Amino acid sequence: MRLRTLTLAAASGAALLAAGVLPAHASGSPAPASAQEGTVSAADLLAKVKSCSQISNGKYKTDDETSATVPVCGKNGAVFWKADMDVDCDGQRTTNCNENRDPWYQDDTAFHQSDGKPLKAESLPYVVVPSTSSIWNYAGAGIKGGGVVAVIYNNKVEYAVVGDTGPTKIIGEASYATAKALGINPDPATGGVDSGVTYILFKNSKVSPIESHSAAVSLGDQLAKQFLQNN
């Protein structure tokens, strides 16, 4: 987890485009195998999170320089928020996630694989939750490491796990793999998106092993169906 400013990132991105350098997602790399995971549509999930019953004691910033405008909201069986997406590359060193590609790189994640190693941001879709503070305690809300998250952007649903914790006052971050699957530029320095992402975290859920994305999709699809029925 790291802090960054989207203003600087946008400027860097503009400079790259001006120089004729394409971002990672536009360099001809293959598109994700599935833009829509599971059987529950983005529209059906979003219809259930139009209004917010705030459960956090305050609101979060999306980046260091922004105002605190994002509450954590409660629903039956889940919590959710609507924010931006910064790209987290923390965890095991890989081709696109390392200290040379990410100025804020850290070689660990709050939650680990079944073999004890940090998660792999480049290949595992995971979401970052704010560390416990007076604003909100994720564990007290039934959210745990390995919990399932439905991440929705541009009418696409990607299932991820709770994989890392971040600053106490900032919200809206997910792994390189999550961004790439949703068609968001996954570059840790210049990528991400400044709005339009919905994160639905299912309470008391846990994927085992945490590094199995197929298990997250299977469990996520079940929980999404339950969420529609119960709200």
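The lining of the largest pocket comprises 5 nonpolar, 3 polar and 3 charged residues, where Ala, Val, Leu, Ile, Met, Phe, Trp, Tyr, Cys and Pro count as nonpolar, Asp, Glu, Lys and Arg as charged, and the others, Gly among them, as polar. The structure is a predicted model, in which local features need pLDDT of at least 70 and side-chain atom pairs count only at pLDDT 80 or more, while totals for chains, interfaces and linings use all residues. Residues are numbered from 1 along each chain as its sequence is written, and side-chain values use heavy atoms, with hydrogens and water left out.

The largest pocket has a volume of about 230 Å³. Of its 11 lining residues, Glu122, Ser123, Ala177, Lys180 and Ala181 lie nearest the centre. Helix 3 (residues 176–181) gives the most to this lining, with 4 residues. A pocket is here an open set of points on a 1 Å grid over the protein atoms alone, where a 1.4 Å probe fits and protein lies on both sides within 12 Å along at least five of seven lines; lining residues have an atom within 4 Å of a point. Grid points are joined across faces, edges and corners, and the volume is the space filled by probe spheres set on the points.

The protein chain averages a pLDDT (the predictor's confidence in each residue, from 0 to 100) of 89, and 85% of the residues score at least 70. Over residues 1–33, pLDDT stays under 50, and the model has 59 contacts beyond four places in sequence for this segment; contact means heavy atoms within 4.5 Å. Where pLDDT is low, the predicted coordinates should not be read in detail.

The protein chain has 4 helices and 7 strands, arranged along the sequence in the pattern α-α-β-β-β-β-β-β-α-β-α. Helices (H or I, at least four residues) and strands (E, at least two) are DSSP runs, numbered from the N terminus. Among contacts with a separation of 6 or more, 75% join residues 24 or more positions apart. Of the 231 residues, 51% count as buried, that is, under 20% relative accessible area, against over 50% for exposed and partly exposed in between (1.4 Å probe, protein chains only).

Val129, in strand 3 (residues 126–130), counts as buried because its relative accessibility is 1%. Beyond four places in sequence, Val129 is in contact with Trp81, Tyr138, Val162, Asp164, Thr165, Gly166 and Leu201. Its C-alpha atom is separated by 6.8 Å from that of Ile171, 42 residues apart along the chain. Thr198 is placed in strand 7 (residues 193–202) and, at 6% relative accessibility, is likewise buried. With residues up to four places away in sequence excluded, Thr198 touches Leu46, Val49, Trp81, Lys82, Ala150, Val151 and Ile152.

Backbone geometry was also examined. Most residues other than glycine have a negative phi, and most peptide bonds are trans. Asn154, which is not a glycine, has a positive phi of about 55°, and Asn155 likewise has a positive phi, near 65°. Asn154 is found in the loop between strand 4 (148–153) and strand 5 (156–166), and Asn155 lies in the loop between these strands. Asn154 counts as exposed at 57% relative accessibility, as does Asn155 at 55%. A cis peptide bond, with omega of about -5°, joins Ser208 and Pro209; Pro209 lies in the loop between strand 7 and helix 4 (213–230).
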